[in-house]
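Please look at the sequence and the fold shown here before reading on. The text then goes through the parts in turn.

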Amino acid sequence: VRSGPFGHPLSHRATTPPGDVAAVVAEVRSAQRRWGQRPVTERAAVLLRLHDVVMARRSEILDTIQREAGKSRADAFEEVADTCSVARHYARAGHSYLRPQRFRGIVPGVVGARVHRDPHGVVGVIAPWNYPLVLTLGELIPALLAGNGAVVKPDPLTTSTCRLALDLLAEAGVPDGLVAQVDGGADVGAALIEEVD
C-alpha cells in the first residue's frame, strides 16, 4: 500500500516474489513467438493505434501520473506528448529500421553480406519513477515493433502508471501475454535481468 497526500492509500499492489519472475518471463516468451512471426506492418499498426488510445485517454493518464509521481499537469502532459510522438515515429518509420540490408564486400559482385533483423525474444524494462509513462512505453514501443515481448518492473512508487500503460497497449491491440508487469524492489529487478533476453 502506498500512501498519498493526507495518508490516503494510492494503490494496493502485491509484490512479485523473485522466484516467480522466471514463470512470468516464460509466459511472455510463449506469446512472443507468435508476435515475432507477424509482419512488421501489423505490429506497426498496433503502435499507431496506441498513439490514438493515449490521446483518447490522456485525462486519465494525466491524473494517474500526477497522483503517483507528483508532477504538475503540464509536466505530466509532456509524458503523454512524448509517448504519442515515439509511437507515431516507430509506427511510420520502424519498417525502415528493420528491413534487410545488403553490404558489398571487398570484391563487389563476389563477396557481400545481407543483414536480417530478428526479434531477440523477451526484453526486460526497469522503469524509473520520474517519467513513469514515457520511460516505460518509450522502451516497449521499439521492442514490440521489432517483434519482441517484454516484462516491465516499474519503480515501486509508480506501479499504477505502469499498469495503465499495459492497459493502453492491450486496448491498442497488443496480444494478451505479450507484455507483463512484475512489482517489487531490487531483488525482483535482479531476477528479471537474469531471465530476459
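The following paragraphs describe the chain as a whole, then its sheet, then the packing of its helices.

This is a predicted model, in which local features need pLDDT of at least 70 and side-chain atom pairs count only at pLDDT 80 or more, while totals for chains, interfaces and linings use all residues. Residues are numbered from 1 along each chain as its sequence is written, and side-chain values use heavy atoms, with hydrogens and water left out.

Read from the N terminus, the order of elements is β-β-α-α-α-α-β-β-β-α-β-α-β-α. Along the principal axes, the C-alpha atoms fill a box of roughly 75 × 40 × 30 Å.

Three strands make up an open sheet with parallel pairing, in the order 5-6-7; two strands pair if DSSP finds at least two bridges between them. Strand 5 (122-127) and strand 7 (179-181) are the edge strands, each pairing on one side only. On average, and with direction ignored, neighbouring strands of this sheet are turned by 20° against each other. Strand 5 and strand 6 (residues 149-154) run parallel and are joined by six bridges. Val123 stands opposite Ala150 of strand 6, and Ile126 has Lys153 in strand 6 as its bridge partner. Between strand 5 and strand 6 the chain passes through helix 5 (residues 134-145), in a right-handed β-α-β crossover (with the strands pointing away from the viewer, the path from the first strand over the helix to the second runs clockwise).

Which helix touches strand 5, strand 6 and strand 7? Helix 1 (residues 21-37) does, and its direction makes about 145° with that of strand 6. Such angles run from 0 to 180 degrees between N-to-C directions, and axes are lines fitted to C-alpha atoms, for helices over the stretch in contact. Contact here means heavy atoms within 4.5 Å.

Now turn to the helix pairs. The axes of helix 2 (residues 40-56) and helix 4 (residues 73-98) cross at roughly 165° and come within 9 Å. Helix 2 is therefore roughly antiparallel to helix 4 (angles under 35 degrees count as roughly parallel, over 145 as roughly antiparallel, 65 to 115 as roughly perpendicular and the rest as oblique). The crossing of helix 2 past helix 4 is left-handed; this word applies if the near helix is turned anticlockwise from the far one by less than a right angle, and right-handed applies if clockwise. The residues of this contact divide into 13 nonpolar, three polar and four charged. Ala, Val, Leu, Ile, Met, Phe, Trp, Tyr, Cys and Pro count as nonpolar, Asp, Glu, Lys and Arg as charged, and the others, Gly among them, as polar.

Helix 2 also packs with helix 5, at an angle of about 155° and with the axes 9 Å apart. Helix 2 and helix 5 are therefore roughly antiparallel to each other. In this contact, Val40, Arg43, Ala44, Leu47 and Leu50 of helix 2 meet Ile141, Leu144 and Leu145 of helix 5. By class these are seven nonpolar residues, no polar and one charged.

Helix 3 (residues 58-69) and helix 4 have axes that come within 9 Å and cross at roughly 120°. Helix 3 and helix 4 are therefore oblique to each other, and helix 3 passes helix 4 in a right-handed crossing.

Notes: Helices (H or I, at least four residues) and strands (E, at least two) are DSSP runs, numbered from the N terminus.
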